[in-house]
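Welcome! Grab a pencil and open the viewer, then try each exercise before you read its solution.

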Amino acid sequence: MVTRQPSMFDLLEPADRPALGPLTGAIQRRSLTRGAWVDHLPGWVSGSDDVLDTLLGIDWRAERRVMYDDEVDVPRLLRWYGPGEALPHEVLTAARDRLTEYYADELGEPFVTAGMCLYRDGRDSVAWHGDTTGRSSRFDTMVAIVSFGAPRPLLLRPRGGGTSLRYPLGHGDLIVMGGSCQRTWEHAVPKTARPVGPRVSVQFRPIGVA
């Protein structure tokens, strides 16, 4: 059973109607190397604990993967929403549409799918990787992530190793990885020994990017 502690922000503000803040003039871009960049906006979704409550109740799936000739549990729960599949909270639909509108000139296509990861506690994680299963292995694209719940650090580093950047993400925070980021940089959510509540990561992608 996954339990959580509400954020102080959502205790002080009404959480019954989650809302999106502005993007223009609020989101901050950081240029990386080799044509990669990251946009970051803390607290983009207000009333985020309402969204988290909904997401904790969806049909999460445990998966197993082969690693080093052995089959192991994936250390997080997963849910994939494909093209045309209704998202479990209306603010997520609004977020996907708002991001599509904001990045229309740069991306040139809509955000279509929503992959979700549930990090139940500090034992759940994701290793260093880039989203290069699809056409992002060859072309520039974007992956937009909105996080709900207890903050966990998203680390980024140049592919092949190097100094990492750290973005604590939770409670409605937004991060967008763009340009060559999926090919030339890697990202990870490391395990932690300290007590930490659940976090859900919602990753919006264009079609064919995984």
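**Exercise 1. Which residue in β13 is the bridge partner of Val38?**

Before the solution, a word on the model. It is a predicted model, in which local features need pLDDT of at least 70 and side-chain atom pairs count only at pLDDT 80 or more, while totals for chains, interfaces and linings use all residues. Residues are numbered from 1 along each chain as its sequence is written, and side-chain values use heavy atoms, with hydrogens and water left out.

*Step 1.* Find the strands: β3 covers residues 36–41 and β13 covers residues 174–179. Helices (H or I, at least four residues) and strands (E, at least two) are DSSP runs, numbered from the N terminus.

*Step 2.* See how they pair: β3 and β13 are antiparallel, with six bridges. Two strands pair if DSSP finds at least two bridges between them.

*Step 3.* Read off the partner: Val38 is bridged to Met177.

**Exercise 2. What is the strand order of the open sheet of seven strands, and which are the edge strands?**

*Step 1.* The order is β2-β3-β13-β10-β15-β8-β7, with antiparallel pairing.

*Step 2.* At the edges are β2 (28–31) and β7 (77–81), each of which pairs on one side only.

*Step 3.* Neighbouring strands are turned by 20° against each other on average, direction ignored. Such angles run from 0 to 180 degrees between N-to-C directions, and the axes are lines fitted to C-alpha atoms, for helices over the stretch in contact.

**Exercise 3. Describe the surroundings of β10.**

*Step 1.* Look at its strand partners. β10 pairs with β13 over four bridges, and here Ala144 stands opposite Val176.

*Step 2.* Helix α2 (residues 48–56) lies across β8, β10 and β15, at about 95° to β10. Helix α3 (residues 90–102) packs on the sheet too, touching β8, β10, β13 and β15. Contact means heavy atoms within 4.5 Å.

*Step 3.* Check the cover: seven of the seven residues of β10 are buried. Buried means under 20% relative accessible area, exposed over 50%, and partly exposed in between (1.4 Å probe, protein chains only).

**Exercise 4. How far from Arg152 is the nearest side chain of opposite charge?**

*Step 1.* Locate Arg152 in strand β11.

*Step 2.* Arg152 is buried yet has no salt bridge, and Asp121, the nearest side chain of opposite charge, is 6.2 Å away. Lys and Arg count as positive and Asp and Glu as negative; His and the chain ends are not counted.

Key: A salt bridge is a side-chain nitrogen of Lys or Arg within 4 Å of a carboxyl oxygen of Asp or Glu.
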